[in-house]
Amino acid sequence: DAHSQLHSVVESFSDENLSYKIDGYERSIGDVISHTLTTARYYFIGHLALGLSVDDYSEPKIASVKDALDLIQENLDEMSSLIEKLDAQDLASTIKTEWGQEMSKELAVWQGITQIMLHLGELCVMAGNGGFYKGTLG
């Protein structure tokens with residue numbers, strides 16, 4: 001499960017690791033965690049699959065590993081609650097994104113989940129580059 005793998009990697013970090021950036025890279029590890037979770041939850045699931053507004057979409061600043069782990073759990077709970085609102089007919093229906101792509105709502109849900117896995121790999125690369133990654137992905 002995407003959230004448990006993310007939790008496993010993040011709990012291996014120290015609070016100081018969250019501010020690490022690869023030279024020339026825009027985001028810190030904490031920024032990547034925040035972006036990953038809020039985009040999966042608010043954009044892919046909330047906006048694309050459920051049609052909710054993204055006006056209130058903001059990425060919280062993560063100050064500690066505890067904050068990150070709490071956000072992972074909150075995100076899992078909220079994504080699960082949002083997905084439960086979709087029935088088979090909803091999932092089969094087609095939407096059109098802002099960039100013109102047509103897709104089923106089911107694909108939007110899957111993209112929310114794969115968003116987490118994509119950035120999980122990014123976090124592992126960043127931590128490896130910083131010399132503090134202690135585990136393996138998967």
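Residues are numbered from 1 along each chain as its sequence is written, and side-chain values use heavy atoms, with hydrogens and water left out. Because the model is predicted, local features need pLDDT of at least 70 and side-chain atom pairs count only at pLDDT 80 or more, while totals for chains, interfaces and linings use all residues.

## Helix H2

Helices are DSSP runs (H or I, at least four residues), numbered from the N terminus. Helix H2 covers residues 29-49 and has a kink of about 35 degrees centred on Thr-39. The bend at a residue is the angle between axes fitted to the seven residues ending there and the seven starting there. Of the 21 residues of H2, 19 are buried, so this helix is largely enclosed by the rest of the structure. Here buried means under 20% relative accessible area, with exposed over 50% and partly exposed in between (1.4 Å probe, protein chains only). H2 is followed by Gly-51, which has a positive phi near 75 degrees.

## Packing of the helices

Two packed helices are described by the angle between their axes and the distance between the axes. Axes are lines fitted to C-alpha atoms, for helices over the stretch in contact, and angles run from 0 to 180 degrees between N-to-C directions. Angles under 35 degrees count as roughly parallel, over 145 as roughly antiparallel, 65 to 115 as roughly perpendicular and the rest as oblique. Contact means heavy atoms within 4.5 Å. For residue classes, Ala, Val, Leu, Ile, Met, Phe, Trp, Tyr, Cys and Pro count as nonpolar, Asp, Glu, Lys and Arg as charged, and the others, Gly among them, as polar.

The axes of H2 and H3 are 10 Å apart, and the two helices pack at an angle of about 10 degrees. H2 is therefore roughly parallel to H3. Residues that make this contact include Ser-34, Leu-37 and Ile-45 of H2, and Leu-71, Asn-75 and Ile-83 of H3. By class, the contact of H2 with H3 has 10 nonpolar, four polar and three charged residues.

H2 also packs against H5, where the axes come within 8 Å and cross at roughly 175 degrees. These two helices are therefore roughly antiparallel to each other. The contact of H2 with H5 divides into 14 nonpolar, seven polar and two charged residues. Among the residues that meet are Val-32, His-35, Thr-36 and Thr-39 in H2, and Ala-108, Ile-116 and His-119 in H5.

Helix H1 (residues 2-10) and helix H5 (residues 105-130) have axes that come within 9 Å and cross at roughly 20 degrees. H1 and H5 are therefore roughly parallel to each other. The contact is made by Ala-2, His-3, Gln-5, Leu-6 and Val-9 of H1, together with residues of H5 including Ile-113, Ile-116 and Leu-120. This contact of H1 with H5 has nine nonpolar, two polar and no charged residues.

## Buried residues in the helices

The table lists residues with their relative accessible areas.

| Residue | Relative accessible area |
|---|---|
| His-3 | 7% |
| Tyr-43 | 15% |
| Ile-45 | 0% |
| Leu-71 | 11% |
| His-119 | 8% |

His-3 lies in helix H1. Not counting residues up to four places away in sequence, His-3 touches Leu-37, Ile-72, Asn-75, Leu-76, Met-79 and Ile-116.

Tyr-43 and Ile-45 are both placed in helix H2. Tyr-43 is 65 residues from Ala-108 in sequence, with 9.1 Å between their C-alpha atoms. Outside the four places on either side in sequence, Tyr-43 touches Thr-38, Leu-48, Val-54, Glu-98 and Trp-99. Ile-45 and Ile-83 are 38 residues apart in sequence and 7.2 Å apart in space, C-alpha to C-alpha. With the same exclusion of residues up to four places away, the contacts of Ile-45 include Met-79, Leu-82, Ile-83, Ala-108 and Gly-112.

Leu-71 is found in helix H3 (residues 65-84). Between Leu-71 and Ser-34 there are 8.1 Å from C-alpha to C-alpha, and the two are 37 residues apart in sequence. Apart from neighbours within four places in sequence, Leu-71 is in contact with Ser-34, Leu-37, Pro-60 and Ile-62.

His-119 belongs to helix H5. Leaving aside neighbours within four places in sequence, His-119 is in contact with Arg-27, Val-32, His-35 and Thr-36.
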